[in-house]
Amino acid sequence: MNSSTSDILIVGGGVIGLTTALRLAEQGVSVIVADRRQVGREASWAGAGMLPPGNPANAESPESRLRSYSHTLWSDLSRLLFERTGIDNGFRVCGALELCHEAERGEFEQQFAAWQKEAIRAERIAKSDMRSHVVGLNDDFDSGVWLPDFAQARNPRHLKALTAACRMAGVNIIEHAEGLRLRSVGECRAEATSAEHQFHADRICVTAGAWTRHLLEPLGFVLPVKPVRGQMVQLRVQRLPFTCVIEQGRRYLVPRPDGLILVGSTEEHVGFVKRNTAEGVSGLLRFAESLVSDLRSAEVVRSWSGLRPGSPSELPYLGQVPGYDNMFVAAGHFRSGLQMSPGSGQILADLLLDREPRIRLDGLTCDRVGAEA
């Protein structure tokens with residue numbers, strides 16, 4: 001068995017694990033990232049890369065604090081990755097048009113009020129103005145809200161850049177680490193092993209998405225995180241009828257500058273079954289056509305699915321694992337893993353280095369598990 005030594009071991013090489021590793025390596029910390037498969041190929045890769053705006057000055061809830069903090073970091077992180085790796089992660093401010101049917105009006109108005117309270121730029125617009133943003137928008141929608149500061153990134157490219165930057169910074173990435181497991185070793189400490197490695201690290205951080213619960217259970221800590229399947233469809237058009245994100249409820253259209261449009265996404269509680277279904281794909285295609293009828297003639301390029309790490313509150317658990325001095329976790333980001341990854345990674349790096357995070361973590365820490373389980 002190989003012996004691998006580092007200051008910090010990160011178990012799980014998704015976008016949050018890699019971001020944490022990069023921030024630690026920048027501080028001269030030796031880091032190993034170990035993943036059961038190839039890094040960056042699970043939920044982080046499968047998402048649409050939507051980055052909603054935030055305003056840290058008025059962010060009060062746990063969700064808004066982490067979203068807003070991440071919002072302030074995205075531009076600089078994207079620029080740093082490009083300067084170091086030459087890889088463009090596709091970050092750009094594109095705006096978003098938020099739509100609702102009358103049946104969704106109550107929830108929609110609550111969301112609009114929350115945007116106003118946070119002082120996020122959100123503008124009610126009439127039907128004619130909506131069509132200036134989306135050519136061919138169906139007539140079912142009489143009004144909407146325009147979010148000019150909404151941004152996007154391209155998940156696979158961002159992960160490619162992060163992985164390259166980590167390696168350039170000296171992070172040791174161990175992929176296909178079969179049989180990764182944690183075990184308690186003495187009072188308040190845990191260690192990690194795999195089929196081929198014995199890991200020696202001062203501290204361990206688990207960022208394994210939907211698989212986090214299984215990793216932590218042998219330590220006697222049950223984190224209520226479970227997989228939620230999301231299916232996606234990718235379309236191609238010769239000319240984009242819109243360049244902004246379009247959201248209706250929890251489904252969306254995300255255009256890319258090269259003529260691709262992502263259509264998402266389902267929410268299915270089917271365990272660890274990661275595959276597409278006829279029902280899921282056809283439902284997404286109908287949704288796309290219900291917003292912009294011209295998309296019925298778009299080319300279907302491909303479809304895929306991913307397993308989001310869902311939590312009861314749809315908020316992540318960030319911080320130290322109760323009962324262990326050397327164990328930390330970040331999991332349960334659900335639909336917001338990529339968008340919240342800059343903030344989550346910086347927070348984890350701060351905690352692992354015994355520094356005070358930049359935002360309050362109440363409502364995000366692991367001590368709420370008992371109430372939410």
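Predicted model: local features only at pLDDT ≥ 70, side-chain atom pairs only at ≥ 80, totals over all residues.

**Starting from strand β5**

Strand β5 is joined by four bridges to strand β7 (residues 143-147), and the two run antiparallel; I call strands paired if DSSP finds at least two bridges between them, and both helices (H or I, at least four residues) and strands (E, at least two) are DSSP runs, numbered from the N terminus. Residues are numbered from 1 along each chain as its sequence is written, and side-chain values use heavy atoms, with hydrogens and water left out.

Strand β5 also has four bridges to strand β14 (residues 245-248), and there the strands run parallel. If you pick out L97, you will find that its bridge partner in β7 is W146, and that its bridge partner in β14 is I246. Are the faces of β5, residues 96-99, covered or open? Both are covered, with A96 and E98 buried on one side and L97 and L99 buried on the other, where buried means under 20% relative accessible area, exposed means over 50%, and partly exposed lies in between (1.4 Å probe, protein chains only).

Let me turn to an open sheet of three strands, ordered β3-β8-β4 with antiparallel pairing. Its edge strands are β3 (50-51) and β4 (92-93), each of which pairs on one side only. Between β4 and strand β8 (residues 151-152) there are two bridges in the antiparallel sense, and V93 stands opposite A151 in β8.

A search of the whole structure gives three aromatic pairs, the criterion being that ring centres of Phe, Tyr and Trp (its six-membered ring) lie within 6.5 Å, with planes under 30 degrees apart counted as stacked, over 60 as edge-to-face and the rest as tilted. One of them is the stacked pair of W74 and F91, at 6.1 Å centre to centre and with 5° between the planes. This pair links distant parts of the chain, since W74 is in helix α3 (residues 62-85) and F91 is in the loop between α3 and β4, 17 residues apart. W74 counts as buried because its relative accessibility is 2%, whereas F91, at 24%, counts as partly exposed.

Helix α3 also holds S70, which is buried, with a relative accessible area of 0%. Which residues does S70 touch, not counting those up to four places away in sequence? They are Q339, M340, S341, P342, G343 and S344, where contact means heavy atoms within 4.5 Å. For orientation, S70 and D149 are 79 residues apart in sequence and 14 Å apart in space, C-alpha to C-alpha.

**Charges over rings**

R308 lies over the face of F334, at 5.8 Å from the ring centre, and R368 lies over the face of Y317, at 4.0 Å from the ring centre.

**Backbone geometry**

Most residues other than glycine have a negative phi, and most peptide bonds are trans. A119, however, has a positive phi of about 60°; A119 is in the loop between α4 (105-117) and β6 (123-126), and with a relative accessible area of 43% it is partly exposed. D354 likewise has a positive phi, near 60°; D354 lies in the loop between α9 (341-352) and α10 (369-372), and it counts as exposed at 60% relative accessibility. A cis peptide bond joins G264 and S265, with omega about -10°, and S265 lies in the loop between β16 (260-264) and α8 (278-291).

**The whole chain**

Stepping back, the protein chain has ten helices and 19 strands, and buried residues make up 57% of its 373 residues. Along its principal axes the C-alpha trace spans about 65 × 40 × 40 Å. Among contacts between residues at least 6 apart in sequence, 74% join residues at least 24 apart.

Definitions and conventions. Lys NZ or Arg CZ within 6 Å of the ring centre and 35° of its normal.
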